[in-house]
Amino acid sequence: MKHIFKKLSMLAVAAVMCCSLAACGKGGGTDKDGNVIVQMSLMNSTNENPGWLAMIDAANGVLERDGEKVRIEAEIIMTDSWDQYYTKVTSNILGKIGGTIGRIAESHMPQMVNKNQIADLTEVRNALVETGEYAADAFEGVAVKDGKYYGLPSGTQHMVLYYNKTIFDEYNKAHPEAPVDYPSGDWNNASTFEEIRETAKKLTSGSGASKKFGLSAGPYLAYAGMYAKNSGGDNIFNADGECVIATKPFYDVYEWFEDMLITDKSMPSTSDTQTLDAMARFLGGNIAMIIDGVWQIHDICKYTGDSEIGVAAIPVAASGNVSYSTTFADRFWASRNSPHLKEDKIALKALMSAEAITALSSKQIGGFPVREDCVNNYLSSIESTKLAGYVDVIKGGMAHKVSVPYSTYYNIVDQQINQKMATWINGDMSTKAFVDFMDETMKKGMAGKL
Amino acid sequence: MKIFKRIIPFALCAAVLSGAALAGCKGRTPEEGGGANFKPEVTVKEISREEYVNKTLGGLLGQFAGFLSGYEFVQYGPDPYIGMPEDWFEFLNGPYAGNFEHFTPPDAYRYDRLRINEATGKNEVWSDDDYHIDIFNQLIIDEFGTSSYAIKEAWKKYNVGDWGGGDEAMRLINSADMLAPYTGTIEAGNRYGWCTEAYIENETLGMNAAGMPNIATALVDTFASNVGYFNSVVWAKFYAAMYSLAYFESDIVTVMQKAAVTLPEGSYPRVIYDKAFELFKKYPSDYKAAATELAEHRRMLYRLDNIQTDPDINGGFAVLSWLYGKNSYLDTCKYSSIMGYDGDCTAAICVGVMGILKGFKPENEEYAALNDTIYYNGEGAYYNDDGSRYSGAVYQARIKSKEYPETQKIDDIVDLYRKNFEKILVENGGVVKDGKYSIPTTELIEDRSHLFANYDAEKRDTSGFESKNGKLECIVESENGNSHSGYGAFKLTNVKEGEAYHTFDNLAKGKTYRLSVYVKTGEGVQASLFAEDKGGQRQEITFANVTSLINKQFIFTATDKSMKVGFGFAASAKNGDSVIFDDFMLEEIEREEIAKISEQDLKLSSDAYLKTFKMPEGVKAGEEVIISVRYRSYAGNSFPCAIYRNSDIFGSVMASNTSKNAVAGYDYLEIPYVFEKPTDTVQIKFEGYKMYIGDITVYRKTQYMFR
């Protein structure tokens, strides 16, 4: 057997119970006023749920205002893993149950499209573009197939470097002779790999469970393109569409990781984060710097207590290199076999309204709004937090975005590389061999041999 | 092998293991009394000891071979990888043999289960849940017997390390001396009883009952329900029947078709079995397409947390593997290894059956590789992994006691199978003589289930049921909580003496029936399960305050051909009280009363109830019987009830909460019991609680289709 243990906090479970009970019934149906109930699948997140529920409330307000006989109800899936959420919603679609619309990570969109389970939303996309609410190019990317649009962007989320200023300050107070600088927030003049490595080494101390680490950053394929571009290379593929992982920029990036993971031990390994993940350790003041997404802004503002937090650009290989940031755009979808596809589309359009997006972004959830007219609201919501001084840095990342080249095979490539990662981190595989393995696996994926 | 065809009723009447399997000694036929025929015709077939041992060795080696070749829980991105490429298959060299070329598992240090013993220079097969309990079962039967008590005592003595349902069973045994089938149930607290353990760990019991598939299913009914319930146990019986039947067959499809009687018509295992045949026909040369489409029929199951352990889809993959394998040992191993989901377990099951069909013969395609990698002309061994040969946590299925052999020769394990087979054979009227076995073979007892359309609420309406004095609705949900399997469940809300029932028009008057159903009530609510004929003659049990799903069984005698069977509220129930139910499964059973210990009205006892029992006539020493005790409990919750035999702890069973107060309601404690002496003093302990105790009856043990 070997089942999967779900790790949900009591708070999360309680939140889910509330929403699930509300979602029980005959898969939607109509309410007492004759409104068609459209259920919306959402992945459970104690911290994000209020944002998404506020968005649904606002969308329902728009529907009521416009006289639409449609209302949206949340169906929160009891998992905080995108993979498990994906499994559940795709099963639900087959079982003709649960949400007929929902949200999905960009990484999983190609599979959803490929499964032929989700509806063509071109009509909704065209309407949103025609009214000028959205730019035409906002809908491009993984949700497009054969000229049809199967997903609507729910917001974009890019990577930044968060750092605990308090840890820096305390270090500098104790070492006035050799202080460390805060990482640079200038995307055109970001800190270098070497500078970050040296800083991380200095900020690493202790051992065992109480060990403090200088930096946490995932050497995952999803971010490899970003780091490679910051090293002067390409984002996985060159202009001709050829895989270029087995090139110097990638070797350099992974050697940087090797230096910190294996040589300096200034980065936590998977075993260090087995009981408490890296972000939880950062929030607890146990990690000085962490490279993560803007989706963490809400938690960072809420849980870092008295610590001062800063935001910086993603490091680069050499001074002068432009810094890029991996950017994700999650999507809304609708089920192809929904009994009320027309109402689903009306609901989605309401979710894309300024009112709904504003309600979401006011809570710093969902990332950067794709609607231009909502961006300032998102940024001003950050200005009321402890990250107020870093709004420009966060905004700057949007101008340096690099997308993950997701495809139907990308996920399996990513997975096989992740499976091999422990072998590399444990020192049973050289860095060069690991990068070569990444390259070979990607090429196998491209050739349909996985 | 020679085949004799004759009826040997007297020998079979003495069958120790399974009354249901081979009873029917009263000579009842459907024509005479209606109902199911529990007495399949006996054909005596002969097999040499040498042939039996060779086929059993083939079966055990097949288990190892499948496991060492199969891929488990491989993902393709976020999806399970269904239909892996054929070139991923390498006989005896899959991930569990340390080959991580195509799939790198987590914790590789403990994953490799085929390792060289430095002392002998030979590979040893290391323990895994695919077979460690199968092998342990042989020690149980040899040292303790086949009763629930025997299993409990053995597990306690040897301290089983297992996953899922087995791990939970061990916890319940250690904490409460819990007996099967309670150890496998939701009500006792087995969180993972739905999982695969029931069938991956017990199907080779079929090799203890070669040619006697009803004995095999009877053994499984006890052993598998120690670790699980529901469809996992149904599949365990299907596979065990195949292991039993394979000794006298040469075609895998025939074996499957004969064993399929264990899959109740209309049940989801049966639906999936039929679907696999349909898809094989649709995609005769595309295993991936067939498997992918089959997986689209996966159903939700209460508390299932890893879809790749779904017993039904894994069962369908096994059937597909046998179909695409087309009687080839290696092809069957290949398809079962790469089909997907719990592939190492599926392959172990599938290849084990092929090993029996083919025997372990030098001319076979798989012989050389098996011999050179595992068997070594009889020198090959099995290692019960205690973690001493690598650093890091063990996290593997094993038997933990130091008294358990660390290493066993494969031949010695096979010899235990043989020894136990001979014992069971003789107990059931067979003959061991001159190196030959005369086996009273039978077909399987016919399907005696009474499943009707929408018994499982999956039509998402209330069809199949009627109601009165209350509101019956079908509730549909995407997360199981009210529903047990699939997405639908029924809810009856009381107005005044509300009822919801299905009318069965095809019962046999005088015959006994058992309803298995998953139920849940509102807080403080009491409901009854009833069976009523047209004349108003009513039988019932009650349950109360069941605030999360549990299984209830209700046994009744048909007093008419047509009876209403369902749920009801008493006159005292409140308007708005409700009961939720799902998987409403009826079957006809054999229920042979062998002694009435006491006939009394329910009387109140505090903390314990003591009674002296005389062993009924015809019951042998060591034979397991069922002591049925009518009781009323209003404790507010279910709790383990300890059974003492002559002052020593015998085991425990779960006492359900029957009533919301001391006034009304009752159920029956069904205690699997083995007499120690001609007269035993039996004490039922419920310390801290009060219970009413009534009639006590002893029945011969029987087997059920549903658990």
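Four bridges join strand E6 (152-164) of chain A to strand E9 (residues 309-312) of chain A, and the two run antiparallel. Strands here, like helices, are DSSP runs numbered from the N terminus: a helix is H or I with at least four residues, a strand is E with at least two. Two strands pair if DSSP finds at least two bridges between them. A:Tyr162 stands opposite A:Val311 in E9(A).

A word on what you are looking at. This is a predicted model, where local features need pLDDT of at least 70, side-chain atom pairs count only at pLDDT 80 or more, and totals for chains, interfaces and linings use all residues. Residues are numbered from 1 along each chain as its sequence is written, while chains are lettered from A and ligands numbered from 1 in the order in which they are written.

Back to E6(A). Which other strands does E6(A) pair with? One is strand E10 (residues 325-334) of chain A, joined to E6(A) by six bridges and antiparallel. There, A:Thr156 stands opposite A:Ala329. Another is strand E8 (residues 287-293) of chain A, with five bridges, again in the antiparallel sense. In that pair, A:Met159 faces A:Gly293. Strands of a sheet pair through backbone hydrogen bonds, either parallel or antiparallel.

Is E6(A) mostly covered or uncovered? Mostly covered: 13 of its 13 residues are buried. Buried means that 20 or more other C-beta atoms lie within 10 Å of a residue's own; exposed means 12 or fewer, partly exposed is in between, and the C-beta atoms are placed from the backbone.

Now the domains of chain A. Domain 1 covers 36-157 + 329-398, and domain 2 covers 158-326 + 403-446. These bounds come from an automatic or database domain assignment. The C-alpha centres of the two domains lie 29 Å apart. In contact are 25 residues of domain 1 and 23 residues of domain 2. Contact means that the C-beta atoms, placed from the backbone, lie within 7 Å. On the domain 1 side, helix H4 (109-114), strand E6 (152-164) and helix H15 (391-398) of chain A each supply at least two residues. H15(A) gives the most, with five residues. By class, that side holds 10 nonpolar, 12 polar and three charged residues. Ala, Val, Leu, Ile, Met, Phe, Trp, Tyr, Cys and Pro count as nonpolar; Asp, Glu, Lys and Arg as charged; the others, Gly among them, as polar.

Next, the two chains together.

Over to chain B. Four of its strands form an open sheet, in the order E5-E6-E8-E10, with mixed pairing. Strand E8 (residues 381-383) of chain B and E10(B) run antiparallel, joined by three bridges. B:Ala381 stands opposite B:Lys409 in E10(B). Helix H19 (residues 410-427) of chain B lies across E8 and E10 of chain B, at about 75° to E10(B). For these angles, axes are lines fitted to C-alpha atoms, for helices over the stretch in contact, and angles run from 0 to 180 degrees between N-to-C directions.

Last topic: the cores. A nonpolar core is a set of buried Ala, Val, Leu, Ile, Met, Phe, Trp, Tyr and Cys residues joined through C-beta atoms within 7 Å. The largest has 224 residues, and those that touch the most other members include B:Ala216, B:Met242 and B:Ala259. Helix H11 (residues 231-245) of chain B gives the most to this core, with 11 residues. Not counting residues up to four places away in sequence, B:Ala259 touches B:Pro213, B:Phe238, B:Ala241, B:Met242, B:Leu245 and B:Leu444. Apart from this core lies another, of 132 residues, among them A:Val36, A:Tyr163, A:Ala228 and A:Trp256.

Methods. Contact = placed C-beta atoms within 7 Å.
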